[in-house]
Amino acid sequence: RGPEAVHFVPAALEPGAEVLLSLDWERRFDHMQQHSGQHLITAVAEQMFGFKTTSWELGRQRSVIELDTPSMTAEQIEALEKNVNEKIRERVPVIVRELAADDPEIETVRSRGLPDDHTGPVRVVDIEGVDSNMCCGTHVSNLSDLQVIKLLGTEKGKKNKTNLVFLVGNRVLKSIEQSHSTEKALTSLLKNGPGEHVEAVKRLQSSVKLLQKNNLNLLRDIAVLIAQDFKSKPVQSQLFVLHRKEGDSEFMNIIANEIGTEETLLFLTVGDEKEAGLFLLAGPVEAVENLGPRVAELLGGKGAGKRGRFQGKATKMSRRGEVQALLQEFISHRSPEV
C-alpha cells in the first residue's frame, strides 16, 4: 500500500514484538526462476516477432504468458526457445536498480504503468543487453540460475490472443522425471518400448470400442428376452422390478418399450447395487406422476419425467427395497380386490 509492504499473519502482533520470518526457499527460488524466465521470454518474443506480452500467470506446475498475437507457428516457438536458452548459456547478469520517479530513463523502461498509489523510487529489473522492465518481484541474479527454459506450446487465448505455456529450471527437471516415470509404467503395462506406446494404445482403444459395441448389442438382446419372458407368463404381475449392474438408460427403456406400460408399473435400476446408479419408473401416467418424485427422493437422487416415464440418477441404490415396498403398497391400494 503506497510505499509499504503489507504482511498478513495468523494472529495480531504487539507493536515492538520480535518475530521470526521462516522463508520457504525452495518455493521462493522456484518463483524467481519462473518470473525471471517470463521476463526473458517476453523480451525475446517482442524482439524476434513483435509479440507483446499483455499478462502472465505463475501457475503451481506450469506458467502461461499471454501474447498479443492470434497464433504462433511451431517454427516460431522452436526459434524462441532456442534463443532464450542461448541467453542462459551466455550467463547474462540480472541487475535490480532503483530510479527516482522523475528520472527520464524511466521513459525507456518497458512497463504497463505504475500503480495509482505508487510513491518513492521506481524499481527496475535489467537483463543486461536484453531487457529493462519495471517490476517489484523477486528475480535471479544471473540467467544461468534459470538452468533451462522449455516452451510447451500454445493454447488459444481470449480476444484474439495466444497463451504460451512454459517451464523454467527445476520445473523442467520435475517434468522430465514425471514423464520418465509414466513412460516406465506404460512400458511395463503395454509390454513394449516407448517408441511403440502410441500404436499399442491405439490398438487397445480399437479393441475396447469393439467390445463396447458387442456388449451394447448383447445388453439390447438381454433386454428384449427379459421383456419376452415377463410377457410369456400366464398371469402377469402389476409390478415389475429389475436391477442389473451392467445396464444403462437404453437397456431400461428397451425393457419398458417391450413390456408396455399401460397396465404394468416398472421399476428398473442399473449401476452399483448400494451406491450410485440410474433408475427408471414407467407405467400408467397418473401413477408415475404421483410416485416419480417420491422414488427419486428415496434413492437420494434427481429425475424428471413425462408421458408415463420418470428417470434420473440415484446416489442411494441400497434403498431400492424401500422403493419396491412403496410401489407394492400403491398397487395394493389401487387393486379392485382390496
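1. Lys 159 is exposed, with a relative accessible area of 76% (exposed means over 50%, buried under 20%, partly exposed in between, with a 1.4 Å probe and protein chains only). Lys 159 sits in the loop between S6 and strand S7 (162-168), and its phi is positive, about 50°, although the residue is not a glycine. Strands (E, at least two residues) and helices (H or I, at least four) are DSSP runs numbered from the N terminus.

2. The model is predicted: local features need pLDDT of at least 70, side-chain atom pairs count only at pLDDT 80 or more, and totals for chains, interfaces and linings use all residues. Residues are numbered from 1 along each chain as its sequence is written, and side-chain values use heavy atoms, with hydrogens and water left out.

3. Gln 147 also is not a glycine and has a positive phi, of about 70°. Gln 147 belongs to the loop between strand S5 (131-134) and strand S6 (149-156) and is partly exposed, at 38% relative accessible area.

4. Five aromatic pairs occur in the structure (rings of Phe, Tyr and Trp, the last by its six-membered ring, with centres within 6.5 Å; planes under 30 degrees apart are stacked, over 60 edge-to-face, the rest tilted). The rings of Phe 230 and Phe 240 have centres 5.0 Å apart and planes at 65°, so this pair is edge-to-face. Phe 230 lies in helix H4 (residues 197-231) and Phe 240 in strand S8 (residues 239-244), so the pair ties together parts 10 residues apart in sequence. Both Phe 230 and Phe 240 are buried.
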